[in-house]
Amino acid sequence: MKRLLIDGRLVETEKTFPSLNPATGEVLDHAPDATAADAEAAVAAARRAFDTTSWATDTARRLRCLRQLHRALTDHQEELRDLTIAEVGAPRMLTHGPQLDEPIKLVPYYTDLLEKYPLTEELGESEIRGQRHRRWVEKEAAGVVAAIIPYNYPNQLALAKLVPALAAGCTVVLKGAPDTPLTTLYLGELIAEHTDIPPGVVNVIVSSGVEAGEVLTKHPDVDMITFTGSTATGRRIMEAASATVKKVFLELGGKSAMIVLDDADFRAASMFAAFTICSHSGQGCALTSRLLVPREHHDEIVAMVAAGLERVSYGDPTDPKTFMGPLISERQRDKVDAMVQRAVAAGATLVTGGKRVDPGFFYTPTLLADVDPAGEIAQDEVFGPVLAVIPYDGEDDAVRIANDSIFGLSGAVHSADAQRAIAVARRIRTGTFSINGGNYFSQEVPFGGYKQSGVGRESGVAGLEEFLEIKSFAVVVP
Ligand code: NAD
């Protein structure tokens, strides 16, 4: 059985909870169930490591340890791939991209960045009442970081927090998601067994409930929270962290719109929309789940998207040809199905999909047409392979509908005229944008949301700076 990592030791717990294989519904293994006391112990270890070791100040040591981590990840990449497929239900194809191979590249990206990133900045001298003052800035680690992640891309989400936090000199308590505990614990094992990262610098816990997570968000010894998950949980975390005024970094939900302009290649855009919404069964925060189409071309585009969805191969995630795997749990499948049924009851047309497939937690690629932009299915995150088509009247109307959301994570636009598409993209209030299929997902590209999709940016230079404090100095020049 996998173990928690607390203060450099891999530990078991009295209570355990099952982790299921979502493609079969069977128990994959049991995970240790961290208590509030385990979370307290992890925070104490991280605090001690930050306050009493050279981790925060010894850049060479951090570089060496991070390179060992990269080596450990690449040496054990195939075991991690098999576990990710089995526990997350991620199709093998996706593990060659954002589920595994891409996130591993975050490690060399941040070691390279740390080597060249200027941690000090001279601001020159000022003169006040005849005295000269030299001023400068030093950037240093934010302190003890609690990193809390959801289930959908556990490797990406853990590494996009852990690696820049460690590069910055922080110590970390990482909490994995209850649906995918084993994948996150495996990372802890690699750290404990294959790196010289000192005890307490990285602690990894998982739990079936919210108690252990709540300890992290309220604890006075935690300086910063980096959280990815739903907007509802993000609000609770922000509130919990307010008592001790923690630095709070949030990556939350999305309801991103893809706008098909009237001059676009409808077939290509429809195919793109169909495959995008089925990527990891729609369990992606930045996927475009609303498709905005010119009203006069609505039926034609709906037919093309439906044809695209028919071509999505779903099933066994271990099969290299499978494009779409299962949803994570029966609970998630119930939620998705209930939202589809309510959308139909509210007047949307179910064009295709809307079916459960057993065994496992599969849900067929689903298309809803003639969707009311104010309705639940157009406003709330589904987190399933469900695309809502909304007709618009003119470019301004498309922009208005796209922005009519509490979320602001991502978006897309398709047009024969790239300049026209870029002009539309600039009018949408989101943190990332894809133009004519452009791919922004990569280590060096900042990722995050506007509005209720979050606060801050992950990846890229901005992703390192989230974990740095800025200290300003001044000394009188003799
Ligand atoms: P969730 O919000 O239910 O849970 C996320 C994590 O928070 C889990 O580890 C959970 O145990 C923990 N948690 C729950 N309540 C807590 C509390 N009160 N205190 C501390 N921790 C608590 O999210 P989920 O269902 O696992 O994941 C899906 C959500 O994640 C979607 O909304 C999706 O959009 C979002 N997401 C966002 C991004 C992004 O980068 N913006 C990326 C991936 C997923």
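**View 1. Strands β13 and β18 pair in the parallel sense in this predicted model.** Strand β13 covers residues 288-294 and strand β18 covers residues 386-392, and five bridges join the two. Within this pairing, L292 stands opposite I390, a residue of β18. Helix α11, made of residues 266-278, packs on the sheet and touches β12 (256-260), β13, β18 and β20 (411-414), while its direction makes about 165° with that of β12. Helix α15, formed by residues 395-403, lies across β12, β13 and β18, and runs at about 140° to β18.

**View 2. Seven strands form an open sheet with mixed pairing.** Read across the sheet, the order of the strands is β14-β17-β18-β13-β12-β20-β21. Strands β14 (349-352) and β21 (434-435) stand at the edges, and each has a single partner strand, so one side of each is left without a neighbour in the sheet.

**View 3. Three strands form an open antiparallel sheet in the order β5-β6-β24.** The edge strands, each of which pairs on one side only, are β5 (120-128) and β24 (468-477). When direction is ignored, neighbouring strands of this sheet are turned against each other by 20° on average. Strand β6, which spans residues 131-141, pairs with β24 in the antiparallel sense over 10 bridges. A141 has L468 in β24 as its bridge partner.

**View 4. Helix α3 packs with helix α8.** The helices, covering residues 77-88 in α3 and residues 181-194 in α8, pack at an angle of about 155°, and their axes lie 8 Å apart. Because angles over 145 degrees count as roughly antiparallel, α3 is described as roughly antiparallel to α8. On the α3 side, E79, L80, L83, T84, E87 and V88 take part in the contact, where they meet P181, L182, T183 and Y186 of α8. By residue type, this contact of α3 with α8 divides into six nonpolar, two polar and two charged residues.

**View 5. The chain is assigned to domain 1 and domain 2.** Domain 1 is given as 4-252 + 453-477, and domain 2 as 256-442. The centres of domain 1 and domain 2, taken over C-alpha atoms, are separated by 31 Å. Their contact takes 30 residues from domain 1 and 31 residues from domain 2. Separately, an unreviewed UniProt entry places the feature "domain: Aldehyde dehydrogenase" at residues 14-472. Over residues 14-472 the chain is 40% helix and 23% strand, with the end C-alpha atoms 48 Å apart.

How values were computed:
Residues are numbered from 1 along each chain as its sequence is written. This is a predicted model: local features need pLDDT of at least 70, side-chain atom pairs count only at pLDDT 80 or more; totals for chains, interfaces and linings use all residues. Side-chain values use heavy atoms; hydrogens and water are left out. Axes are lines fitted to C-alpha atoms, for helices over the stretch in contact, and angles run from 0 to 180 degrees between N-to-C directions. Helices (H or I, at least four residues) and strands (E, at least two) are DSSP runs, numbered from the N terminus. Angles under 35 degrees count as roughly parallel, over 145 as roughly antiparallel, 65 to 115 as roughly perpendicular and the rest as oblique. Contact means heavy atoms within 4.5 Å. Ala, Val, Leu, Ile, Met, Phe, Trp, Tyr, Cys and Pro count as nonpolar, Asp, Glu, Lys and Arg as charged, and the others, Gly among them, as polar. Two strands pair if DSSP finds at least two bridges between them. UniProt positions are given in the numbering used here, feature names are shortened, and annotations may be inferred rather than shown by experiment. Domain bounds come from an automatic or database domain assignment.
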